[in-house]
Every structure is written in structure tokens, then in C-alpha cells.
Amino acid sequence: MWVVLSLLIIVPVMCFLILAVSPRLFSQGPQWLTFTYIRQALEGYTLKGILNSLWVASLVAVLSVVCATALAWLVQRTNIGARRFWTVTMWLLLLMPTWIMAQGWTDLLQPYGAAHALGLNLSWLYGEFFGPFGIVLVLTSTALPFAFFIIAAGLQGLGPEFEDAARIHGAGRVQTMKTVLPIVAPALLGALAISFAETISDFGVADTLGYHAHFPLATYTLVSAISNFPANFPVAAVIAAVLILATVPPIALQSVAMRKNKAYAVLSGRTRAPRRRQLSTGSRIAATAGVGFVVFVALGVPIIGAVVGSFVQNLGDAGATNVHFTLTYYKQILHPSLVDNGLGSPLLLSNQLGLIVATATGVLAVILARRMAASRGGWSQRITDIFLLGSIAIPGVVLGVGYIFFYDQGFITNHVVDIYKTLPLLMLGLIASAVPGQTRFMAGPVSQIQSSLSEAARVHGAGRWRSWRTTNLPLMSRVLVWGWLLTFAKTISELAISEILYPPSQEPASVTIQSYLTNFQIGTGTAMTVLTMLEMFGVIVVALGIYRLVTPAGWRRVGWSVVD
Amino acid sequence: MATFTRPEPASVSVEALCKEFQGKAALADVHLAIEPGTFVVLLGPSGSGKTTMLRCVAGIERPTSGTIEINRECVSGPKTFHPPERRGVAMVFQDYALWPHLSVRKNIAFPLANSQRSKVERRERVAGLLERVGITHLADRYPNELSGGEQQRVALARALAADVGLILFDEPLSNLDADRREQLRIEIATLTREAGATAIYITHDQSEAFALADKVGVLNRGSLVQFDTPENVYRRPRNCFVTRFTGVSGEFNVATVHARDSEYVEVSLPFAPNQRVRARTNNCFDPAKELKLFVRATGVTLSAPSRGDGMGGEVLDVAFNGRGYEHVVTLGDGATLTKIFSTRRYERESNVKVSFESSECFVMDAREEEV
């Protein structure tokens with residue numbers, strides 16, 4: 001297991017990072033030890049990118065936590081309308097890649113865009129959106145679900161008895177808040193850390209909105225460093241190291257916070273379901289409308305922008321005189337001969353990748369999560385935990401660049417494995433980037449399964465496999481299905497690793513769409529985006545339908561749930 | 001109804017069993033031989049190693065050393081380790097370990113999946129067990145829809161369904177309230193004996209142990225201190241630990257040993273040097289050692305101060321328990337006796353006479369337990 005993980009993550013990334021100070025080690029420069037590239041990376045355009053990334057990520061982390069706290073409190077602790085629906089929208093938001101969000105907003109706001117076609121004059125917002133404001137808005141929207149789920153879980157464990165005990169023993173409202181707040185503080189800190197890490201490592205917005213707005217972000221300058229000629233891997237390595245270093249402290253903080261949270265969870269293991277505050281009719285309507293507005297801005301607007309934009313003739317064409325609705329783009333996509341290259345093959349390839357990557361990641365993640373749960377508190381769990389945390393701190397773009405660097409080395413291609421510029425390398429990169437997050441996603445539900453359940457099966461005659469199949473699998477089935485779907489969806493829409501590692505003439509859908517968009521075929525690119533999303537959600541609906549049809553009723557009664 | 005062959009009760013033999021967890025011994029050189037059809041209760045406090053012992057027999061834990069034989073077949077030894085499914089045992093878990101995604105019926109039917117019986121026979125077997133434990137009406141419910149007592153009945157039925165010669169019980173009543181505990185204890189005793197299986201049952205409750213067991217094994221710090229009939233464990237405890245753990249009303253330092261024979265000894269206590277107490281003693285008795293007198297609650301009688309012989313005492317507390325009264329009495333110098341039963345109520349702060357029944361008093365070496 002450790003050999004696999006080393007080849008997947010540790011060795012490629014470490015080799016790449018070493019370049020920052022020792023380019024000669026991999027024939028990327030004359031020096032064995034130098035700080036020249038560190039100086040180079042920490043000045044001018046690249047420094048601007050790093051600083052922009054740091055303040056944007058910090059601001060987004062704070063905004064998303066504030067917003068998610070209010071949202072989670074309303075959903076978990078009040079009788080707000082359509083509670084389950086809001087949780088489902090957070091899942092949808094989690095599945096939406098940042099570049100599609102950015103694309104949706106762009107389609108809506110650009111001159112002669114979707115808003116113009118709908119008769120709305122939003123030109124005043126256009127200038128603002130293409131800058132830090134738009135970037136922060138989109139990234140806050142995409143960080144929101146991460147913060148929401150962590151805080152919602154924290155609030156769920158906060159049973160009413162803590163508040164009751166404080167009030168009964170004479171505490172006023174403020175004193176009660178002060179007493180109870182430390183119980184959810186770990187969740188708030190965790191949400192802050194994850195939002196920061198997700199934002200600083202994002203490539204989708206950096207490559208689209210950041211690029212068009214001339215607002216460089218570190219992930220974009222990193223890719224630029226190796227895309228320009230001649231490629232400057234050592235400078236890219238310095239930026240990668242800065243990104244990882246910036247992410248490690250908040251992720252470590254999150255780890256500590258979650259550990260504390262677990263301790264609280266044990267204390268409140270028998271807590272009753274949280275009491276919901278009964279809002280008055282007026283407050284309930286206002287709260288529901290408020291949450292609806294946030295969800296509309298975060299999820300609805302970009303979807304509307306992309307969907308409407310895909311039907312607008314001459315979308316974004318400033319020279320166009322006639323703006324009207326059309327099906328031209330969809331006709332072009334469905335008849336590939338009309339354009340340079342259709343969506344069919346790339347989308348098929350993305351689905352194949354999604355299928356393989358989600359399945360392989362699922363298997364690896366279950367094995368790792370089980371190992372972590374089995375060695376509770378032992379050194380093996382601690383090492384796995386630290387490794388997974390560290391891996392989450394590695395942005396996808398760093399992993400991708402690390403891969404093209406590492407797997408192009410002579411000693412690897414000649415003596416180990418020659419997969420440079422091939423589909424297997426892209427697959428490996430996608431699996432490597434998905435495994436840490438997926439494992440941590442599964443670790444909680446897996447560790448909640450009491451060992452006595454499989455012991456009982458073994459004692460009553462079941463072998464190892466039958467015991468796992470009949471006791472553990474049913475209890476994990478929902479988290480397995482959702483974990484699989486999450487990885488599948490993320491793989492289909494993944495941009496950073498795909499753009500860096502795709503082999504020639506084998507473009508995944510996200511790369512094809514980006515090439516259309518950057519070549520000013522915005523309408524076609526947008527229509528492709530919409531079709532890709534539709535297909536992706538279609539697969540999710542079908543997969544959930546199949547799960548419902550083929551699994552016994554008991555499987556769906558137990559274990560982790562999406563809308564708990 | 002389909003007939004099921006009654007399983008042959010299993011014999012169990014444990015030799016020099018040791019189990020360590022991260023260098024700490026949970027079991028140290030345990031020897032135990034269980035005759036087929038015996039209901040054995042392993043009794044001990046938390047951390048005494050009784051659960052580890054049971055899990056080693058089940059095959060859930062791998063012993064560090066020693067051998068375990070079931071039906072004279074070595075299932076765990078230096079070169080052998082049979083996994084749980086190959087040991088032919090069934091088990092009732094402390095937390096019930098019912099599979100939450102399976103209905104009651106399917107939980108009970110689980111051990112039958114590997115059997116050679118037809119579907120009809122299995123269905124009838126499950127129906128019979130459901131009826132036997134009185135939960136036929138709950139057959140299609142899921143575990144989370146049942147009360148603790150009902151869940152325990154399902155766990156019991158599942159263990160009985162396995163039709164094996166050895167059933168293990170891991171503190172099965174510890175999560176239940178007193179009323180249900182009593183009721184289920186009787187059902188466990190009846191159904192297990194009816195099934196004809198050998199049983200190993202662990203508990204920390206001595207009354208539960210005495211009520212259920214053909215033989216009781218008392219464990220302390222990973223060692224089997226005494227293995228005998230309940231009567232002998234109670235009447236002839238092997239050392240201070242067993243005496244204490246099986247219930248005493250009070251224990252006092254011995255001041256002087258006056259006389260002794262092979263079984264009894266006469267001693268006096270520091271706070272009553274002129275009174276003599278006759279008590280049983282064990283073979284390890286040595287008058288030169290630091291000795292203690294242990295008194296069972298059933299071996300103490302209270303009487304009015306004006307009547308009969310005995311030590312003088314003062315009632316500290318009295319509690320009505322339905323059948324009569326339980327008293328706490330001080331004998332002076334801080335020495336107290338608890339749980340002394342009398343059908344007559346002696347009021348707090350009143351003087352009483354306390355007399356001891358020699359067969360329920362024990363004099364032992366106080367340091368023997370440490371040794």
C-alpha cells in the first residue's frame with residue numbers, strides 16, 4: 001500500500017519540489033544548491049500571483065465560513081422551509097467545478113451575453129466582476145459547501161442539553177453562548193482551514209476568470225512557468241512549495257480541531273436530536289428567502305448564465321448587431337463535422353476516466369479508511385493521517401506538474417515505467433489527487449462501524465469475505481456510492497491535472513471546452529459545458545436510481561446519509 | 001416442524017493461555033478445563049481479563065501463547081489458529097452486535113446460511129426460535145425499532161440458531177435494567193440448557209454468576225484465581241480477592257489468634273479484645289502473617305442489646321427493602337458491617353448485639369492477594 005502511495009504521490013511531488021533548490025539533480029540547471037529560483041519566484045509577476053492567492057484565499061475562507069455558519073444554523077437548528085432541499089443544493093454546489101461557475105457568470109455578464117439576451121442591463125456589474133470581486137464571489141460560492149458540511153456536522157453534535165445545563169445553572173444568553181461556542185469552535189476552525197486550502201489550490205478560476213481579468217493567481221503562474229518556452233521547472237517548484245507551505249498550517253489546524261471535535265462527539269454520543277428553534281411565520285419566510293437568495297447567487301446564477309448563454313446567438317460577440325436565441329451551438333456539437341472537433345469523443349473519454357478513476361479511488365480509499373479505523377490511535381493511523389492530510393495540502397496543479405516532470409525522467413522511462421504523455425499517466429494523476437480527499441471522506445463513516453458486527457458474523461460461521469460483504473458493505477454502501485459519484489463528477493469536470501497531463505489527441509471534455517472558450521468560440525464552449533453538466537448529473541441520477549433498485553431496503557436504512 | 005439434531009455439547013480445554021496487549025498482560029498462564037454441557041461463568045472485575053479470555057476462545061483475539069482446544073481439537077496453539085468461523089461456536093455480544101440493515105428474522109437466520117438444511121427447514125427453525133424467545137411479532141422489524149430487552153432476545157435466538165456445541169456470552173445483561181435482567185437471565189439459563197450446549201458466560205455480577213453457573217471461574221488481573229462450583233466459591237473462597245468479590249459485609253484486622261484446627265480458627269479483633277470470633281480458614285493460613293477477618297452479610301445476626309451473646313454495636317443506618325430491613329452497624333474504632341438483614345427494624349443510633357455464624361466468616365492472609 002505504501003509503495004503504491006509513494007509512487008502515486010510522495011516521490012513525484014518530492015522530486016519536483018527538490019528542483020527549487022537543486023536543479024542539477026534532475027538536469028534542469030547547472031547548480032547543485034541554489035536560491036536563485038527562490039529569489040526569481042518571489043519577485044514581479046509570480047510574487048504578485050502568490051500574494052493575490054494568499055489574500056484571496058484568506059478572504060474567501062472568512063466569507064464562506066460566515067455564510068456557511070448562518071446557513072448551517074438555519075438548516076440544522078430552525079424550522080426554516082425546504083430544509084432538505086438546501087442541503088441537496090449544497091451537494092450540487094460541491095459537484096460544480098470552479099471553472100464552470102466562472103464560465104456561467106461570464107456568460108451572463110459579458111456584453112451581448114445571457115443577461116443582455118434576457119433584456120437585463122447588468123453592464124455596471126461587468127467591470128467589477130472581471131477582477132478581485134468576481135474571483136472572490138465565485139471562489140466563496142465554491143468553498144461554501146465544504147464549510148457548510150463541516151459546520152453542519154458540528155452543530156448536529158451540539159445537543160440541547162449543553163445549552164439547557166448552562167441556562168439551568170444561571171447563565172444568561174451571552175454566558176450560555178460563551179459556554180457552548182467552544183464546542184462548535186473546532187468545526188468553525190476546520191471549515192476555515194478547508195475553505196482556505198480549497199481556494200488557494202484552485203486552478204479553475206485562476207485559469208479562466210483570473211487570466212481574463214489580468215489578476216494572476218499562484219496556480220496560474222505555476223502552470224505558466226512550465227508552459228512558457230523555455231519551461232522553468234525550478235521556479236514552478238518554488239511556487240508549488242509556497243502553495244503547499246501555505247496550506248499545511250491551516251490543514252494541520254483542521255486536523256487538531258477535528259480531533260477535538262471527535263472528543264466532543266464521544267462526550268455527546270447520547271445527545272438527543274437538536275431542538276429546532278420555531279421561527280415565527282414572518283421570520284420563517286424571511287429566513288427561507290435569505291437562504292434562497294444565497295443559493296440562487298451561488299448556484300442558480302452561474303447555471304442560468306451558462307444555460308441561457310448556450311442558446312444566445314453570437315454570445316459575447318461585441319460586433320454582433322443581432323442578439324437572439326438559437327440552437328446553433330447544440331446543432332454544431334451534435335454534428336461534429338460542423339466544428340473542428342466535437343464533444344462526443346472527449347466526453348466519452350472523460351466518462352471512461354471518471355469510471356476508472358472513481359472505482360480505483362473507491363477501492364484504495366476503502367482500504368486506507370479501514371486501516372485507519374482498525375489501528376485507532378496507533379502509529380499506523382497517525383502516519384496515514386498525516387500523509388493524507390499532507391496530500392490534501394498538495395494542489396492538483398502541483399501534482400500534475402510533478403507528474404510530467406517525474407515521469408519524464410530518463411531513469412523512470414528507461415528503468416521503471418514509460419507512461420509519459422499517455423492516458424495511464426493522466427489516470428494515475430487523477431487517482432492520486434482524489435485518493436486523500438476520498439479517504440478522509442470515508443474515514444468517519446467507516447470508523448463508526450462497530451467491530452463487533454463483523455466479529456459476530458465470523459463467530460456465526462461467515463468467512464472473511466462473506467463477513468465483509470454481509471455486514472460492512474451494507475453499512476458503507478451509501479457512503480461508497482456517494483464517494484464514487486463525487487469522484488466521478490469531479491473527474492469528468494477536472495481541469496488542472498487534465499490540462500497538464502492529457503496525451504496528444506486524447507483530450508478530456510474539460511480541456512476541449514477550455515480550448516473552445518479560449519479560441520473565442522464561446523457559444524459552442526458554453527453549450528458543451530451545459531451538455532457535460534447534464535450528462536454528469538444524468539449519470540448521478542441513474543446511478544442513484546440503480547442503487548435504489550438493486551439494494552435491499554435494509555441497506556438504505558442505515559449508515560451515513562446525504563441529508564442527515 | 002423440521003427436526004434439528006441437538007448438537008453434541010463441546011468440551012473446552014485451555015492450557016497456559018497468555019495474551020498481551022502492547023506489552024501489558026491481559027491474561028497470564030490461564031488453565032481451564034470445561035466438561036461438555038457445563039454452564040461456566042467467568043466472574044471478575046473490569047480489566048480482569050474475562051472478555052479477553054472469551055474472545056480468545058471465540059477466535060476473535062489471537063493468544064500470545066498457550067493452547068485452546070474445543071472438543072479435543074486444537075483451535076489455537078503455537079502453530080495453529082482457527083478463525084472464528086471454523087470453531088463451531090456462537091456468541092451473544094455485550095452490545096448485541098445485531099446487523100442494523102437486516103430484519104430480526106434475517107439476523108436470526110444468518111448462522112443457518114452455511115448449513116445443509118433446506119430453505120423450508122431454515123424458515124421453520126427461525127420461526128421456532130422466534131416463538132421460543134417470544135418475539136414472533138417482531139420478526140420483520142429492524143434492530144433500531146426494538147427495545148434493549150428485545151434486541152437481547154434476538155441476539156440470544158441468533159446464537160441458538162447456530163446449533164453449535166459451545167455458546168459464549170459476553171456480559172449479555174449488562175445494558176439492561178434490573179427487571180429485564182432477571183427475566184432474561186432465567187431465559188438464558190433455560191434455553192441454553194435446553195439446547196444442550198456448553199456455555200461460557202462472563203459477568204462482573206456475582207449474584208448473576210451464582211444464579212447461572214454450574215461452575216464459576218473467578219479472574220483477577222489476568223489470572224484464574226478459583227474455578228469451582230458456586231457453593232464452594234462462596235463457602236470456601238480461595239483468597240481475600242475471591243472473598244471480597246463474592247460479597248462481604250465487613251472486613252477487620254485480626255489482633256490475636258487463639259486456637260485453630262484443620263478448618264476453623266478463633267481470633268479476637270482490636271476493638272473487642274475480649275470477644276472471640278470463630279471463622280473458617282484456608283490451607284494457606286499462617287498465624288505469623290498479617291491476617292484479616294471477612295464476614296458475609298448472611299453470617300451476621302442482630303439482636304437487642306439485652307439479649308444473647310455477641311459484640312456490642314450501634315446502628316448507623318437502616319433501609320427497608322421489602323422483605324425486611326438492611327442495617328449498617330458500627331462495632332467501634334471505625335469498623336462497620338453493612339447489608340445486615342433482619343426482619344425487625346433497629347432504629348438509627350440504637351445499640352444492638354452482633355453475633356457471627358462461623359461458617360460464613362473467614363480468616364485469611366491479607367497479603368495473599370498481592371502474592
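A residue is taken as buried if 20 or more other C-beta atoms lie within 10 Å of its own, as exposed if 12 or fewer do, and as partly exposed in between, with C-beta atoms placed from the backbone. Strands (E, at least two residues) and helices (H or I, at least four) are DSSP runs numbered from the N terminus.

The model is predicted: local features need pLDDT of at least 70 and side-chain atom pairs count only at pLDDT 80 or more, whereas totals for chains, interfaces and linings use all residues. Residues are numbered from 1 along each chain as its sequence is written, and chains are lettered from A and ligands numbered from 1 in the order in which they are written.

β11(B) and strand β15 (residues 291-295) of chain B run antiparallel and are joined by four bridges; two strands are said to pair if DSSP finds at least two bridges between them. Within this pairing, Phe252(B) stands opposite Leu293(B) of β15(B). Both strands belong to an open sheet of six strands in chain B, with mixed pairing and the order β11-β15-β21-β14-β13-β12. The edges are held by β11 and β12 (256-260) of chain B, each of which has a single partner strand, so one side of each is left without a neighbour in the sheet. On average, neighbouring strands of the sheet are turned by 40° against each other, direction ignored; the axes are lines fitted to C-alpha atoms. Five bridges link strand β13 (residues 264-269) and strand β14 (residues 272-281) of chain B in the antiparallel sense, and Tyr264(B) has Arg280(B) in β14(B) as its bridge partner.

Chain B as a whole has eight helices and 21 strands. Its C-alpha atoms fill a box of roughly 75 × 50 × 35 Å along the principal axes. Of the 371 residues in chain B, 44% are buried. Among contacts in chain B between residues at least 6 apart in sequence, 67% join residues at least 24 apart, a contact being a pair of residues whose C-beta atoms, placed from the backbone, lie within 7 Å. Pro7(B), in the segment before β1 (12-21) of chain B, counts as partly exposed because it has 18 C-beta neighbours inside 10 Å. The C-alpha atoms of Pro7(B) and Ala162(B) are separated by 9.7 Å, although the two residues are 155 apart along the chain. Leaving aside residues up to four places away in sequence, Pro7(B) touches Asp163(B), Val164(B), Gly165(B), Gly196(B) and Ala197(B).

In chain A, the domain assignment gives domain 1 (1-15 + 337-564) and domain 2 (54-217 + 238-271 + 281-326), with bounds from an automatic or database assignment. Contacts between them involve 23 residues of domain 1 and 30 residues of domain 2 of chain A. On the domain 1 side, α17 (379-392), α18 (396-406) and α25 (522-550) of chain A each give two or more residues, and α25(A) gives the most, with seven. By class, this side has 18 nonpolar, five polar and no charged residues; Ala, Val, Leu, Ile, Met, Phe, Trp, Tyr, Cys and Pro count as nonpolar, Asp, Glu, Lys and Arg as charged, and the others, Gly among them, as polar.

The largest nonpolar core has 159 residues, and those with the most contacts inside it are Ala147(A), Phe148(A), Ile239(A), Ala240(A) and Val401(A). Such a core is a set of buried Ala, Val, Leu, Ile, Met, Phe, Trp, Tyr and Cys residues joined through C-beta atoms within 7 Å. Helix α8 (residues 132-156) of chain A supplies the largest share of this core, 14 residues. Both domain 1 and domain 2 of chain A give residues to the core, so it lies between them. A separate core of 112 residues includes Phe93(B), Ala97(B), Val265(B) and Leu302(B). Ala240(A) touches Phe16(A), Leu17(A), Leu222(A), Val398(A) and Val401(A), residues up to four places away in sequence not being counted. In α18(A), 10 of the 11 residues are buried, so this helix is largely enclosed by the rest of the structure; among the buried residues are Val398(A) and Val401(A).

Between the chains, 18 residues of chain A are in contact with 22 residues of chain B. On the chain A side, α21 (451-459) and α22 (464-492) each supply at least two residues, with α21(A) giving the most, six. The residues on this side divide into eight nonpolar, seven polar and three charged.

Definitions and conventions:
Two residues are in contact if their C-beta atoms, placed from the backbone, lie within 7 Å. Axes are lines fitted to C-alpha atoms, for helices over the stretch in contact, and angles run from 0 to 180 degrees between N-to-C directions.
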